[in-house]
Amino acid sequence: MPRPRKFDETQVLELAREQFWTTGFAGTRMDDIARATGLGKGSLYGAFGDKEALFHRVFDDWCGAIVALAEEHLSGPDEGALARLEAYVRFVAANTAADVGRRGCFQAKGTAELAASDESVADRSATTLRAVLGLLSREIAAAQRCGHLAPGADPDALASLLLVVVRGVEAVGKAGLGAEAVTSAADTALALLPRP
């Protein structure tokens, strides 16, 4: 009979994610994860599998959190859809501007490092972005139904524009262009949404 775990799994996964985020997948050894979490390598392997399995677990959890956060910001009655869209884009910009360590997004970092060689990472990242794209499109369509955005505009095309801006804002912020550039990009993208 297996022994019960004597550690907080959520905390261990957060610490493992922080290590991967800091040093990347290739730059992280299981010894590093063991040191960061305070667990022995045997406990880590027993609970989470090898380094790749552990990375997939924390990457999947992070991607799920991205979608959950977008759902939290982009859900509600039609009447508030445009305000929610604007708040979400500005929220991402503000978070990016506040990232003085210029760590960027864990999803973006993991995708850039591994998507070409790890189909699981590429698929999970694409699924995440499609989910956020769908939420943006839904809110744009809701804003159109309320008469806050032009009814003839394509919600999917506008959602794609906002998604690219949001993801680009994160990249620009990581490059260190500063809060003003990030905020300006977000505001400009929102101003491009066609009003009736």
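# Exercises on an all-helix chain

From the N terminus on, the elements of the protein chain run α-α-α-α-α-α-α-α-α. The model is a predicted one.

## Exercise 1: the whole chain

Task: state how many helices and strands the protein chain has, and what its C-alpha trace spans.

Solution. 
- Step 1. The protein chain contains nine helices and zero strands.
- Step 2. Along the principal axes, the C-alpha trace spans about 65 × 40 × 30 Å.
- Step 3. The chain has 196 residues, and 39% of these count as buried.
- Step 4. Take the contacts between residues at least 6 apart in sequence: 70% of them join residues at least 24 apart.

## Exercise 2: helix 1 against helix 4

Task: decide whether helix 1 is roughly parallel or roughly perpendicular to helix 4, and list the residues that meet.

Solution. 
- Step 1. Two packed helices are described by the angle between their axes and the distance between the axes.
- Step 2. For helix 1 and helix 4, the axes come within 10 Å and cross at roughly 100°.
- Step 3. Angles of 65 to 115 degrees count as roughly perpendicular, so helix 1 is roughly perpendicular to helix 4.
- Step 4. Helix 1 brings Glu-9, Leu-13, Ala-16, Arg-17, Phe-20 and Trp-21 to the contact, where they meet Lys-51, Leu-54, Phe-55, Arg-57, Val-58, Asp-61 and Trp-62 of helix 4.
- Step 5. Sorted by class, the residues of this contact are eight nonpolar, no polar and five charged.

## Exercise 3: helix 4 against helix 5

Task: describe how helix 4 is placed relative to helix 5, and give the classes of the residues in their contact.

Solution. 
- Step 1. The axes of helix 4 and helix 5 come within 9 Å and cross at roughly 140°.
- Step 2. Leu-69, Ala-70 and His-73 in helix 4 meet Arg-84, Tyr-88 and Phe-91 in helix 5.
- Step 3. The contact of helix 4 with helix 5 has four nonpolar, one polar and one charged residues.

## Exercise 4: Thr-28 and helix 2

Task: find out whether Thr-28 is buried or exposed, and then what covers the buried residues of helix 2.

Solution. 
- Step 1. Thr-28 lies in the loop between helix 1 and helix 2.
- Step 2. Buried means under 20% relative accessible area, and Thr-28 counts as buried because its relative accessibility is 1%.
- Step 3. The side chains of Thr-28 and Thr-23 make a polar contact (2.4 Å).
- Step 4. Not counting residues up to four places away in sequence, Thr-28 touches Gln-19, Phe-20, Thr-23, Ile-33 and Lys-51.
- Step 5. In helix 2 (residues 30-37), the buried residues are Met-30, Asp-32, Ile-33, Ala-34 and Thr-37.
- Step 6. Their cover includes helix 1 (9-23), helix 3 (41-48) and helix 4 (51-73).
- Step 7. After helix 2 comes Gly-38, with a positive phi near 80°.

## Exercise 5: the nonpolar cores

Task: name the residues of the largest nonpolar core that touch the most other members.

Solution. 
- Step 1. In soluble globular proteins, nonpolar side chains tend to be buried together.
- Step 2. The largest nonpolar core has 31 residues, of which Leu-74, Tyr-88, Val-132, Leu-136, Ile-140, Leu-162 and Leu-193 touch the most other members.
- Step 3. At least two residues of this core come from each of helix 4, helix 5 (81-98), helix 7 (119-145), helix 8 (155-175) and helix 9 (179-192).
- Step 4. Leaving aside neighbours within four places in sequence, Leu-193 is in contact with Leu-82, Leu-149, Leu-158 and Leu-162.
- Step 5. A second, separate core of 21 residues includes Met-30, Leu-39, Phe-48 and Cys-63.

Terms used:
Residues are numbered from 1 along each chain as its sequence is written. Side-chain values use heavy atoms; hydrogens and water are left out. Buried means under 20% relative accessible area, exposed over 50%, partly exposed in between (1.4 Å probe, protein chains only). Helices (H or I, at least four residues) and strands (E, at least two) are DSSP runs, numbered from the N terminus. Contact means heavy atoms within 4.5 Å. Axes are lines fitted to C-alpha atoms, for helices over the stretch in contact, and angles run from 0 to 180 degrees between N-to-C directions. Angles under 35 degrees count as roughly parallel, over 145 as roughly antiparallel, 65 to 115 as roughly perpendicular and the rest as oblique. Ala, Val, Leu, Ile, Met, Phe, Trp, Tyr, Cys and Pro count as nonpolar, Asp, Glu, Lys and Arg as charged, and the others, Gly among them, as polar. A polar contact is a pair of N or O atoms within 3.5 Å; within protein, one must be able to donate a hydrogen and the other to accept it, and residues adjacent in sequence count only if both atoms are side-chain atoms. A nonpolar core is a set of buried Ala, Val, Leu, Ile, Met, Phe, Trp, Tyr and Cys residues joined through side-chain atoms within 4.5 Å.
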